[in-house]
Amino acid sequence: MRLAPASFSHPQPGEFLQDGRPVAAPVMLVRLGEPLEIMKYQVSASEYGRCVAADVCQPAETLGDGNFPVTGVSHMDAQAYANWLSTQRGEAWRLPTDAEWAFAAGEKFRSDVEAGISDPANPALRWLAQYRNEASLERKSDPAPRFQGAFGVNAKGVADVAGNVWEWTSTCYVHASVTSDGTRTAGSVENCGVHVVEGFHRTYMSNFIRDGKSGGCAVGTPPDNLGFRLVRERLTLVQAGLRRLGLS
């Protein structure tokens, strides 16, 4: 899929504190200055299997084949596949950033499960508010992956967004403080041992996790399945030539 450049408002990923208390993420204007080339479907089990057959990728934890998305893969597995595909095609394939995924997801994007209370200093109210928010999602576990296209396409033509396969991104988890007016980040610590995962809502998983239900989900509903789709970067003629020669 090739999506035209655009600007959009986007709640930032991570954990945000104001005066030591958890608050909603700042909403920032994101500008994508170049077209975004993203896979219409998640990487399939058969596509991933070719990387396994080449002794580059580790076998997925969840068995599957044919026209089903690969699941049971970690962030490291997804990155290994992206590197292998780039070499095979002489192109540059990578995981999308959180903002790129949200842009491609369009109306299907749902941010973090927020507490949304007037007194964030009260831990009991914060817990109850989060419980109500999660319950209001009214989502039942759907553990079995479905064939590609089973969840339809969104308004931008991207398939299976926010279905029962949640997707790894390249964005690292951030623990940040925000300014007194709550409009921007005052300071942050980045943890790239944990990455943003997008799906029914946004959450965060350790890089080695292959089954979201086994642990590691920071907030909200644990992912039914962990998979991914990739973005293709546009290369200059020089970059493309170097890649074909294996020099980049």
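Tutor: Let's start with a definition: a salt bridge is a side-chain nitrogen of Lys or Arg within 4 Å of a carboxyl oxygen of Asp or Glu. Keep in mind that you are looking at a predicted model.

Student: Thanks! Which residue forms a salt bridge with Glu233, and how far apart are the closest N and O atoms?

Tutor: The partner of Glu233 is Arg94, and their closest N and O atoms are 2.7 Å apart. That value is within 4 Å, so the pair passes the rule we began with.

Student: Why does Glu233 count as partly exposed?

Tutor: Here you need two cut-offs: buried means under 20% relative accessible area, and exposed means over 50%. Glu233 counts as partly exposed because its relative accessibility is 37%.

Student: How many salt bridges does a search of the whole structure find?

Tutor: The search finds 10. One of them joins Arg234 to Glu34, with the closest N and O atoms 3.5 Å apart. This pair, too, links distant parts of the chain, 200 residues apart: Arg234 is in the loop between strand 12 (231-233) and helix 5 (237-244), and Glu34 is in the loop between strand 5 (27-32) and strand 6 (36-38). Both Arg234 and Glu34 are exposed.

Student: What about Asp112 and Arg202: are they buried or exposed?

Tutor: Both are buried. Their side chains meet in a salt bridge, with 2.7 Å from N to O. Asp112 is in the loop between helix 3 (98-105) and helix 4 (123-136), and Arg202 is in the loop between strand 9 (185-198) and strand 10 (203-206), so to find both partners you can look 90 residues apart in the chain.

Student: Which residues are linked in a network of salt bridges?

Tutor: Look for Arg2, Glu37, Glu91 and Arg232, which are linked in such a network.

Student: Now the cysteines. How should I read a disulfide?

Tutor: In general, a disulfide is a covalent bond between the sulfur atoms of two cysteines. In this structure the count comes to two. Cys51 and Cys57 form one of them, with sulfur atoms 2.0 Å apart. The link is right-handed, with 75 degrees about the S-S bond, and both Cys51 and Cys57 are buried.

Student: Which cysteines form the other disulfide, and how far apart are their sulfur atoms?

Tutor: Those are Cys172 and Cys192, with sulfur atoms 2.0 Å apart. The torsion about their S-S bond is about 100 degrees, so this disulfide is right-handed. Because Cys172 lies in strand 8 and Cys192 in strand 9, the pair ties together parts that are 20 residues apart in sequence. Cys172 counts as buried because its relative accessibility is 11%, whereas Cys192, at 36%, is partly exposed. If you number the bonded cysteines in sequence order, the pairing reads 1-2, 3-4.

Student: And how do I describe rings that pair?

Tutor: A pair of aromatic rings is described by the distance of the centres and the angle of the planes. The count here is five aromatic pairs. Ring pairs also link Tyr48, Tyr81, Trp84 and Phe228 into a cluster.

Student: Over which ring does the charged end of Lys156 sit?

Tutor: The charged end of Lys156 sits over the ring of Phe103, 3.5 Å from its centre. You can find another example at Arg110, whose charged end sits over the ring of Phe200, 4.7 Å from the centre.

Student: Finally, how many helices and strands does the protein chain have?

Tutor: It has five helices and 12 strands. Of its 248 residues, 46% are buried. Among contacts with a separation of 6 or more, 67% join residues 24 or more positions apart.

Technical notes: Residues are numbered from 1 along each chain as its sequence is written. This is a predicted model: local features need pLDDT of at least 70, side-chain atom pairs count only at pLDDT 80 or more; totals for chains, interfaces and linings use all residues. Side-chain values use heavy atoms; hydrogens and water are left out. Rings of Phe, Tyr and Trp (its six-membered ring) pair if their centres lie within 6.5 Å; planes under 30 degrees apart count as stacked, over 60 as edge-to-face and the rest as tilted. A charge sits over a ring if NZ of Lys or CZ of Arg is within 6 Å of the ring centre and within 35 degrees of the ring normal. Helices (H or I, at least four residues) and strands (E, at least two) are DSSP runs, numbered from the N terminus. Buried means under 20% relative accessible area, exposed over 50%, partly exposed in between (1.4 Å probe, protein chains only). A disulfide is a pair of cysteine sulfur atoms within 2.5 Å. Contact means heavy atoms within 4.5 Å.
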